[in-house]
Each structure stands twice: as C-alpha cells, then as structure tokens.
Amino acid sequence: MLHIEIDNGSGFCFGVTTAIQKAEEELRAGKTLYCLGDIVHNTMECERLREMGLITINHQELADLHDVKVLLRAHGEPPETYELARRNNIEIIDATCPVVLQLQKRIKKQAENASSLQPEGASPNIPPAPDAQIVIFGKSGHAEVLGLVGQTAGKAIVVENLEDVKLLDFSRDICLYSQTTKSLDEFHHIVDYIRSHISPSASFRSFDTICRQVANRMPNIATFAARHDVILFVSGRKSSNGKVLFNECKSVNERSYQIESADEIEMTWFDGIGTVGICGATSTPKWLMEQCREHILRHLST
C-alpha cells in the first residue's frame, strides 16, 4: 500500500495568506477589485481567485485606471506606484508583506543617508560613505526586487550570483541586502566573497534580510524529502522561492518532481515504491497539495 504524506510545513507564508484573505474579503462583498500582478506565483490559485472576480492587471493598465480599488500583493511596490494611485484617485489595498515593508524602509533610509543605518555591533566611527553602493542579492526583475530598487530611485545594484558580485567596485563602500526569499547559504557565500575582496580603504556592511519563515523551510523540507521514496514538489514555475526549495529537495532526493497541478503527475513515478511526500513553496496553496494526493489515490483505486 502506497503511503502519501503532505508536508505540514509547506504552503502559504504569512504574507501571501494575508494578501489572499484581503482579496477574498473584497470579492465576497461583491466589490470590483484589481490586483497589480499575479497575487501569488501559482497559476491554479490565481485562476481560483479570477473565478471569484479578481482582475489581474499590469503597470501599464494601472496607469489607465481611475477611481477604482487596487490590491498590492505581498511582494511590495516602488514609491512611483503609490504616487500614480494618488494621481488617479485609486484606492490602494496594501497587502505588502510586513517583512518586505520593513526591508523597503531600511533600504530607503540607507539611500537617503548612508551613515544613518548601523547594523548591530557596528562601530559608529566607521560609517559607510554617502555614496556607498547599495547592493541587493535577488532576482533581477522580480516584483519584490523592483520595489526595493525603487526605494533608491533606481540606484541600487542587483546581483543574482557570484559572477554579478565580481563586477562590483571593491574600492568603494558596499552595503548588502537580500531579497526576502533567497537562499541563506547563497547569501553567506556572497558575503564571504565581498569580505575577501573589499579594499582595506572601503567598508562593507551586510544585512541578513532573508525571511526566517522562508529560510527555516530549507532544512525542514530537506528532512522531509530524505524520508520519502518519491517527492512531488507542487509549485508555480515562476516562483523564486519554489525554485530554491525544489532544488533543495532534488539535492537530497533525486526522485523529486516539480509539478504545477495534479494533471502533470505520472503514475509510473510510483512503480515499486512505498512512500510519496508532497510538499510545496510559500506560494503553494494547501488545497492544491491535497488535490494531488486525491489524484494519486483515485488512480490507484482504478
């Protein structure tokens, strides 16, 4: 008998849960609601909310709207979006994740006055210069990263990997931040590289701004993946967090498969095995993982 377990630690993070709850409240009240970008990087959940009435728009379409309600998703937005909404008399329902919002404020303060932000334990005698490079470890073009860069009037430098880091000016001060959903290990590798290459005449400050609710899922999901014969990782393929967590599953269990919906499941994956683990990203709804389990059970019974 095939044993199927759904990972209790998988599913929506706090920020995504709050954004979806706010959308559902408006839609259930029968109100017209627009959402700037996909509310979550999961096609199935976006479709469910579309059927409830949620209208997804892009930034170009936002500029043409007036006197409506628009929800800002958990990823956050740059200051220009709020200014546009003010000019067009758009009511903003702000569902920016509190962790992202706090990071935006820190980066904005850093950009306004580089010497005003001191990490815990830092010497106040060696503040970063006002023209310090503000560097964000994240995915270029990602919604959260665009919002963070926007806090610096577009001056922040985005690095996706060590190759990008090598292009920094190590003769100038560097202040490093991270997109909230990036890998903690990768962030530490970048910190180590900059420390070993920064000029003695320049200062380097790093701020670990990775969400712990996300970071803690890495070791937990690795443990989960290791104890099952086959892993079904349910996630939208556009999810940055999903890519990180799936790679972690794959590193400990080669028989890990990423799927977006139950329709992608191949029953041959389970030939001769005893256990299946179903897990997902912070953008994966629990109902979708349960749907995948029911799909397998139905096919086993026929």
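Analyst: Let us begin with one pair. Arg-237 and Glu-264 form a salt bridge, with their closest N and O atoms 2.8 Å apart. This pair links distant parts of the chain, 27 residues apart: Arg-237 lies in the loop between strand 10 (230–234) and helix 11, and Glu-264 in the loop between strand 11 and strand 12. Please bear in mind that this is a predicted model.

User: How many salt bridges does the structure hold?

Analyst: The structure holds 16 salt bridges. One of them joins Glu-24 to Arg-28, whose closest N and O atoms are 3.9 Å apart.

User: Where do Glu-24 and Arg-28 lie relative to each other?

Analyst: Both are in helix 1, 4 residues apart, which means a separation of about one helical turn. Glu-24 is buried, at 12% relative accessible area, whereas Arg-28 is exposed, at 61%. Glu-24 and Arg-28 also belong to a network of salt bridges that includes Glu-45 and Arg-48. Elsewhere, the side chains of Arg-293 and Glu-294 meet in a salt bridge with an N to O distance of 3.5 Å. Glu-294 is partly exposed, at 35% relative accessible area, and Arg-293 is partly exposed at 27%.

User: How should I read a pair of aromatic rings?

Analyst: One describes such a pair by the distance of the centres and the angle of the planes. The structure holds 4 aromatic pairs. Among them is the stacked pair of Tyr-257 and Trp-269, with 4.0 Å from centre to centre and 5° between the planes. Tyr-257 lies in strand 11 (residues 256–259) and Trp-269 in the loop between strand 11 and strand 12 (275–280), so the pair ties together parts that are 12 residues apart in sequence. Tyr-257 is partly exposed at 22% relative accessibility, while Trp-269 is buried at 13%.

User: How many disulfides does the structure hold, and how is a cysteine pair judged?

Analyst: The two sulfur atoms must be within 2.5 Å. The structure holds 0 disulfides. Cys-13 is in no disulfide, and its nearest cysteine sulfur, that of Cys-97, is 6.1 Å away. The sulfur of Cys-249 is 4.0 Å from its closest cysteine sulfur, in Cys-279, which is too far for a bond. Cys-13 is buried, with 13% relative accessible area, and Cys-249 is buried at 0%.

User: Which residues lie nearest the centre of the largest pocket?

Analyst: The largest pocket holds about 320 Å³ of space. It is lined by 23 residues, and those nearest its centre are Cys-13, Val-16, His-75, Thr-181 and Thr-282. Helix 1 (14–28), helix 5 (98–112), helix 9 (212–215) and helix 11 (240–252) are the elements that give two or more residues to this lining. Helix 1 contributes the largest share, 3 residues.

User: What is the lining of the largest pocket by class?

Analyst: The lining has 10 nonpolar, 12 polar and 1 charged residues.

Note on methods:
Residues numbered from 1 in each chain as written. Predicted model: local features only at pLDDT ≥ 70, side-chain atom pairs only at ≥ 80, totals over all residues. Heavy atoms only, no water. 1 Å grid on protein atoms, 1.4 Å probe; cavity = no way out; pocket = protein on both sides within 12 Å on 5 of 7 lines; lining within 4 Å. Points joined across faces, edges and corners; volume = space filled by probe spheres on them. Nonpolar A, V, L, I, M, F, W, Y, C, P; charged D, E, K, R; others polar. Phe/Tyr/Trp six-rings, centres within 6.5 Å; stacked < 30°, edge-to-face > 60°. Buried < 20%, exposed > 50% of the residue type's maximum accessible area, 1.4 Å probe, protein only. Salt bridge = Lys/Arg side-chain N within 4 Å of Asp/Glu carboxyl O.
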